[in-house]
Amino acid sequence: MIRSPICEMLGIKYPVFQGGMAWASDFRLAAAVSNAGGLGIIGAGQMPPEALVKQIRQAKENTDKPFGVNLILYLSYIDELVDAVIRESVSVVTTGAGNAGLLIKKFHDAGIKVIPVVPSTALAKRLEKAGADALIAEGMESGGHVGELTTMTLVPQVVSSVNIPVIAAGGIADYRGFAAALCLGACAVQMGTRFLATKECPVHQNWKDMIIKAGDRDTVVTGRPTGHPVRVLKNKLSRKFLELEEKCANIKEYEELGIGRLKAASVDGDVEYGSVMSGQIAGMITEEKTVKEVLDEIMEKTENFIKNFPELSGVIN
Ligand code: TUI
């Protein structure tokens, strides 16, 4: 077994988080991941608070294991989602796309752990001071909203900057990525794209098939001028976004083009004009599996592999 402080902190069997993904990781995926030993995370995205409450309740009906909620911090009504999570009580909240500092005390007062995503050492240090329980260092290989640094450069620098556990994310989908993350000093991993292509993931089959067919160079980052760059699989929509960049369009044009596009990919299966978010590791994902297959395989292979590395023996027993 890999021994990780994160397993003890959260009461989970495997040090593997399922990334919170808007319009993709609902209670079904989250409960499946938690039931299989990882940490399932409901992606609140832009849900209304009542919908999030319903999701949390359904997750509780489907698992008795700990699970989390991911909140996107730049939303105008984020306080309402925070209050909903506190009222419903979950084990842990992960945050993305903003600074979680001011929310940490509020969650802690409610007995909820807070694990923010950080794209830099500066934010990592600030959030450690503010009381974060652990940090997710997410490199720009990931799908969806991305920072600027790669996983390879971000993870060891964050690990050296703080004294709380660090979870590596971005570009990880198998035992080699997991072992590499441990080498960089992380004590756990978070995977998003790998869990998109699972039987339990509720996104439209077209999205899953596009990940399965994708090659290593099939993603692109769009929306950089908006301050919210997102990595997606290349399609007609991503080309339109890049055209906006070429003609130095104003931010309103990006916003108009983006409205409803993630839902279109997830619910309608529109993989031409939908926002088909995916990480760069899609090229390595070649089949849809069950969540349990993904977790059992990555754990078994990682444990076998890292037995060869005496320096890492501290994390296994
Ligand atoms: O949040 C994510 N990934 C996401 S959120 C999302 S929803 C969305 N939809 C349309 C446009 C934009 C987003 C899809 N994917 N990952 C975690 C993450 N957080 N990556 C990078 C960051 C981040 C960036 C800046 C975290 C903190 C931050 O801080 C800036 C500051 O305020 O200091």
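A polar contact, as I use the term here, is a pair of N or O atoms within 3.5 Å; within protein, one of the two must be able to donate a hydrogen and the other to accept it. I also note at the outset that the model is predicted.

**Entry 1: the two domains**

I looked up the domain assignment of the chain and found domain 1 at 5–200 and domain 2 at 205–280. I then took the distance between their C-alpha centres, which is 23 Å. For the contact between them I listed 16 residues from domain 1 and 18 residues from domain 2.

**Entry 2: the interface**

I asked how many residue pairs are in polar contact across the interface of domain 1 and domain 2. The rule finds nine, with both residues of each pair at pLDDT 80 or more. I looked for salt bridges between domain 1 and domain 2 as well, and the count is zero. The two domains bury about 1400 Å² between them, and 65% of that area is on carbon and sulfur atoms.

I next checked which elements of domain 1 supply at least two residues each to the side that touches domain 2, and I noted strand 7 (144–145) and helix 9 (193–196). Sorted by class, that side of domain 1 has eight nonpolar residues, six polar ones and two charged ones.

**Entry 3: Met 277**

I picked Met 277 and found it in the loop between helix 13 (261–268) and helix 14 (291–306). Which residues does Met 277 contact, leaving aside its neighbours within four places in sequence? I wrote down Gly 144, Leu 196, Trp 207, Val 230, Arg 231, Val 232 and Leu 262. I also looked up Met 277 against Ile 136: the two are 141 residues apart in sequence, and their C-alpha atoms are 19 Å apart in space.

**Entry 4: the ligand**

I then looked at polar atoms facing nitrogen atoms of the ligand. For Ala 97, a backbone N or O atom lies 3.0 Å from a ligand nitrogen. For Glu 138, a polar side-chain atom lies 3.1 Å from a nitrogen atom of the ligand. For His 145, a polar backbone atom is 2.9 Å from a ligand nitrogen.

Key:
Residues are numbered from 1 along each chain as its sequence is written. This is a predicted model: local features need pLDDT of at least 70, side-chain atom pairs count only at pLDDT 80 or more; totals for chains, interfaces and linings use all residues. Side-chain values use heavy atoms; hydrogens and water are left out. Domain bounds come from an automatic or database domain assignment. Contact means heavy atoms within 4.5 Å. Buried area is the accessible area (1.4 Å probe) that two parts lose on being put together, summed over both. A salt bridge is a side-chain nitrogen of Lys or Arg within 4 Å of a carboxyl oxygen of Asp or Glu. Helices (H or I, at least four residues) and strands (E, at least two) are DSSP runs, numbered from the N terminus. Ala, Val, Leu, Ile, Met, Phe, Trp, Tyr, Cys and Pro count as nonpolar, Asp, Glu, Lys and Arg as charged, and the others, Gly among them, as polar.
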